[in-house]
Amino acid sequence: MLRFLSSELWRLHNTATWSWHGWIAAWATEKSLRQWTVAQAISITLALVVHMGAGERALIIALGFLVLAAELANTAIETIVNRISPERSDMARKAKDVGSAMVMVTAISVGAAWLVVLLG
């Protein structure tokens with residue numbers, strides 16, 4: 001049992017390390033990730049200040065993190081597409097546009113949640 005826990009903790013450590021490296025790499029190259037992170041920090045601050053229920057607060061904060069996850073996924077898509085298909089192509093453009101749409105849809109969900117909370 002101890003050996004199992006030790007190996008699982010090591011695996012968790014590796015996963016966290018690789019995830020952190022991914023965040024740092026995306027942060028260094030993606031202005032939109034930095035912008036969405038600032039937006040999320042503002043949203044969290046407002047969610048903690050504005051009077052709302054715990055469930056509403058949790059939803060808004062979670063949806064904000066979902067936007068960041070979508071932005072990271074979009075960055076991964078763009079990176080792979082650029083690696084595989086450096087020349088212009090309709091399929092490459094579509095993959096990038098769909099990734100961008102993923103970010104937009106998640107961002108709209110945060111805005112919609114805020115509207116519902118603020119307008120009751």
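Reader: Leaving aside neighbours within four places in sequence, which residues is isoleucine 60 in contact with?
Author: Bear in mind that this is a predicted model. Isoleucine 60 contacts Ser43, Ala47, Met52, Ala113, Trp114 and Val117.

Reader: Which residues make up the largest nonpolar core?
Author: That core has 11 residues in all. Ile60 is one of them, and the others are Ala47, Met52, Ile61, Leu63, Val67, Ala107, Val110, Ala113, Trp114 and Val117.

Reader: Which helix gives the most to this core?
Author: Helix 4, with five residues. Helix 3 (54-84) and helix 4 (90-119) each supply at least two.

Reader: Where does UniProt place the transmembrane region feature?
Author: The unreviewed UniProt entry puts it at residues 59-77 and 98-119.

Reader: And how much helix is there over residues 59-77?
Author: Residues 59-77 are 100% helix and 0% strand, with the end C-alpha atoms 26 Å apart. Residues 98-119 are also 100% helix and 0% strand, and there the end C-alpha atoms are 31 Å apart.

Reader: Changing topic. At what angle do the axes of helix 1 and helix 2 cross?
Author: Roughly 105°, and the axes come within 5 Å. Helix 1 covers residues 2-29 and helix 2 covers residues 31-49. Angles of 65 to 115 degrees count as roughly perpendicular, so helix 1 is roughly perpendicular to helix 2.

Reader: Which residues meet there?
Author: From helix 1, Trp23, Ala26, Trp27, Ala28 and Thr29; from helix 2, Lys31, Leu33, Arg34 and Thr37.

Reader: How many of the residues in that contact are nonpolar?
Author: Five are nonpolar, alongside two polar and two charged.

Technical notes
Residues numbered from 1 in each chain as written. Predicted model: local features only at pLDDT ≥ 70, side-chain atom pairs only at ≥ 80, totals over all residues. Heavy atoms only, no water. UniProt positions renumbered as here; feature names shortened; annotations may be inferred. Helix = DSSP H or I, 4+ residues; strand = E, 2+ residues; numbered from the N terminus. Axes fitted to C-alpha atoms, helices over the stretch in contact; angles between N-to-C directions. Parallel < 35°, antiparallel > 145°, perpendicular 65-115°, else oblique. Contact = heavy atoms within 4.5 Å. Nonpolar A, V, L, I, M, F, W, Y, C, P; charged D, E, K, R; others polar. Core = buried A, V, L, I, M, F, W, Y, C linked by side-chain atoms within 4.5 Å. Buried < 20%, exposed > 50% of the residue type's maximum accessible area, 1.4 Å probe, protein only.
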